[in-house]
Structures are given as C-alpha cells and as structure tokens.
Amino acid sequence: MHTLISACLSGVPPEVEAIAREEDLVPHRVARAIARGRIVIPANPTRPHRLCAIGEGCRVRVNVNVGTSGTRCDEDLEVEKAKAALREGADALMDLSTGGDLVRIRRRILELDAPVGTVPVYEAVRRAGSAADVDGDLLFKVIREHCKQGVDFLTLHCGVNRDALASLRADPRTMGVVSRGGAFHVAMMAATGEENPLYAEYDYLLEILAEHDVVVSLGDGMRPGALVDAGHLAKSTEYLTLGHLAKRALAAGVQRMIEGPGHIPADQIGYNVRMIKELTDGAPLYLLGPLVTDVAPGYDHVVGAIGGAIACMNGADFLCMVSPSEHLALPDVRDIVEGTRVAKIAAHVGSLSRAAAHTKNREIRMAEARRALDWEKQFEAALAPDEARRIHERDGDLETCSMCGDLCAVKMVRDILPAPDERMER
C-alpha cells in the first residue's frame, strides 16, 4: 500500500523536498525521519493544502481547535474563528464540533488552506444517541467517512482500554476522566463489558488509515485533569499502551503522533515528555498545555503557554492552543486570537531550544531593528505585529518608545558602543 512512509523508504517525495526547504533541513534526512516515525506530515492525498511538518528537527507547530457545541451552534462563527486562527499563524486546525450538521461544518473547515484534524467518536456518539450505544461498526464507519472527506489527522483514543480503566478504578482520581473522547470510550466499555473496539481491532483501524494515508493521533484519554491527579496510575498505564500501539502503526506504514500529558506540575513536565518519547521511539508529541496550575481560569492560555514552552524544551513538537475561555465557555473569536498568539509565543520559545535557523534568525532581526530604532522592521519580526504596532502608535509617531522617551538607553549608547559586526569591519 502506498503511503508517505513507504515513499520515503524508497526516495524523497516532492512534498518532503518542499518541507525540507521550508524547515532548512536536508531532504533525505527528513525522508529518513518520516520513515522512522520521527516526523509526520498530515496531508490526506484527496485534499491539497499548505503542508506542515511536525517532529524531530522541525519548528514547533501550533494547532487551534474550533467547533460547535450542543449549547452554542453557529457554523459561520466557527468558520470565522478558524480563519482568525490561520491569520494569527496557526499551522493546523481541529474541528471538534458536536452540535449541528457535523458533515457540513467539517466540509466548510476542510475548505481552508491548512491540515485539519477531527475526533470521529464525537460524531459516532451523536449518531448513536449516547456513548453507551456506540459500537465498533458505527465507529469505524465514521472514521472511514472522515478519511474520505479529506481529514488529515484523527484523534483516536485507542489506549483507553480495559487495563487503563482497571488502573483508574484501582487508583481513583479527583477529576476522574476529563477527556471527552476518553470518557466516551469508558462509557462504552462500562455498558458492554467489552474491550474498546479501537484497541481490540487496531489492525483493522490501521488498514483504514493506511488506505487513505491519514495520520493517527493517539489520544490521551487518561490524561490527568487536575494537578492533584498527576501522579496517579491511569496516565502511566495509557503511556505504556500507546508505546506498543505507536510501534504497530509504524510497522503498518501509518504515520502517528502521540497526545499528552494534561494537567501536571511544571517540575514533572520534562520527565513525562521524555518518558512518552522513549516509550514511542521518538514519535512526534502533540499536547494541550500542559496546564501547570488549576487556579487561573480566564488565563489558562498563559498557564498552557508556560507548560508548553517547558514541554517543547524537553522534546514536544506540536502545541494545541489553549484559549482564555478554557474550562469556562466555548471560545469566541477574540479568545481564539489571543490564545493563538500566546501559543505561537510558546512554540517560538520551544523552537529556540532546537537551534531552528528560522527562529534564531528572527531573534537576530529583532535585535538589529531595535538597535536601529527601526519600528517597521521590529513589527516585521514580531510574532503579533498588529498588536505591537497598535501599542507603539497610541502615543504618536515617536522615534523611541514613550516609556524612555528622550532618555532612551539604546539611542544614547549605540554611537559609543558599535555593534559586533561594526567592530569586525573596523
């Protein structure tokens, strides 16, 4: 079966050449990393769009979640939010809709120029009426439909199996299960007494994904939902299962990435990231947050950025935007814009730790522009240029910023102390 992995085993496909140029990497090394499962490129062949590489040696990427709920269902608003996220620099989108015409909403999101992911079990539950009524046949049918429609990556909670449920029962947590997909699978198993079909029939699932060359994002259904739950057993049980499933996916020629690790203290992030990476042989790691405190509702985008930056410095590859409305409400456009900007900052900080040329060159451009008091070049280098311009210009067209004014340290000293390149010229 022809997949990107199989193509990379025999050469360097054109899309890999393009990604290598964008990331300033050596093409054959990118192809080898894809074949080894260290990099993924979510790109369903049925739908052309801007490419995005995630993983070893690449810049840290940012995903933004959009989607309706049963409480607020406005298709136009969700499309507007998705477009706002892309304008702010999001690299990928996920449609997590659970209300309204799910097929039509997804079709509209898929018209945008970006990789798109979904969580098929959400739609399966809506069709069945409840999580307890979902069976394997329905779930696999929905997965096939998402693949055929052009979805590039699917979050599938294959690791939420009976072992994970037993661990949850043996070592109870305050918040139980906070992953919506994870909770659906727990409810399915509790109702039937049978294994999660995504785990029990994993080889069949891989056949579907390989047929459509769709990336599987192995979901963290047992992630802790509060700091007090970070050390409990269910999370680690799922990690071990995902390690085995990641190896089986790669052997089947299916690109995969891993999700994790939820709400955990800052000092535990490095350990958790490195453990997931070791268990999955360096598979790209996709995470929401991690959230490093639970007591800052309204500012969880900042909390997530702190955790995300630490995680990326330890090897995480893909950040999911956390919005200011996390844990409070469905995000509006303003929440999406603010959350995306903050996530991009965290991704940039994480990319700096990878010695990414693009990222470091941007820092150099900003330093040179600030020395020259060249505001236009500063805005060009800024991660949120419109906001930077708005703040600077509110006090008028000034040579320096209005904080220092005529006592600007940069202006005062730059003629006394030449820049390093100027010293070399002399």
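User: Which residue with a positive phi follows α3?

Analyst: Happy to start there, and do keep in mind that this is a predicted model. Helix α3 covers residues 27–35. The residue to look for comes after that helix and has a phi near 85°, and it is Gly37.

User: Which residues of helix α3 are buried?

Analyst: The cover over the buried residues of α3 includes α1 (4–10), α2 (14–23), β1 (39–40) and α12 (233–251). Within residues 27–35, the buried ones are Val30, Ala31, Ala33, Ile34 and Ala35.

User: What is the relative accessible area of Asp281?

Analyst: Asp281 is another residue other than glycine with a positive phi, near 55°. Its place is the loop between α13 and β9. Asp281 is partly exposed, and its relative accessible area is 38%.

User: Why does Lys81 count as buried?

Analyst: Good one to ask about! Lys81 is part of helix α4 (residues 75–87). Leaving aside neighbours within four places in sequence, its contacts are Val66, Gly67, Leu330, Pro331, Asp332, Val333 and Ile336. Buried means under 20% relative accessible area. Lys81 counts as buried because its relative accessibility is 1%.

User: Which residue of β4 is the bridge partner of Asn63?

Analyst: Strand β3 (residues 61–66) pairs with β4 in the parallel sense, over four bridges. In β4 (residues 92–95), Ala92 and Met94 point one way while Leu93 and Asp95 point the other way, and all are buried. The bridge partner of Asn63 is Ala92.

User: Which glycine comes just after α6?

Analyst: In helix α6 (residues 120–128), the buried residues are Pro120, Val121, Tyr122, Glu123, Ala124 and Val125. What covers them includes α5 (102–110), β5 (116–118), α7 (136–149), β6 (153–156) and α9 (180–192). Just after this helix, a positive phi of about 105° is taken by Gly129.

User: What is omega for the cis peptide bond that joins Gly260 and Pro261?

Analyst: Pro261 is placed in the loop between β8 (256–259) and α13 (266–279). The cis bond that joins Gly260 to this proline has an omega of about -15°.

User: Where is Pro290 found?

Analyst: The peptide bond from Gly289 to Pro290 is cis, with omega near 0°. Pro290 is found in the loop between β9 (285–288) and α14 (300–313).

User: What radius of gyration does the chain have?

Analyst: The chain holds 20 helices and 10 strands. The globule rule gives 22 Å for 426 residues, and the chain comes close to that, so it is as compact as a globular protein of that length. Its C-alpha trace spans about 75 × 50 × 40 Å along the principal axes. The radius of gyration is 23 Å.

User: How many of the contacts with a separation of 6 or more link residues 24 or more positions apart?

Analyst: As background, 54% of the 426 residues count as buried. The chain exposes about 18700 Å², with carbon and sulfur atoms supplying 53% of it. Among the contacts with a separation of 6 or more, the share from residues 24 or more positions apart is 72%.

Conventions:
Residues are numbered from 1 along each chain as its sequence is written. This is a predicted model: local features need pLDDT of at least 70, side-chain atom pairs count only at pLDDT 80 or more; totals for chains, interfaces and linings use all residues. Side-chain values use heavy atoms; hydrogens and water are left out. Helices (H or I, at least four residues) and strands (E, at least two) are DSSP runs, numbered from the N terminus. The radius of gyration is taken over C-alpha atoms; the globule rule is 2.2 Å times the number of residues to the power 0.38. Buried means under 20% relative accessible area, exposed over 50%, partly exposed in between (1.4 Å probe, protein chains only). Contact means heavy atoms within 4.5 Å. Accessible areas come from the Shrake-Rupley method with a 1.4 Å probe; for residues, only the protein chains shown count as cover. Two strands pair if DSSP finds at least two bridges between them.
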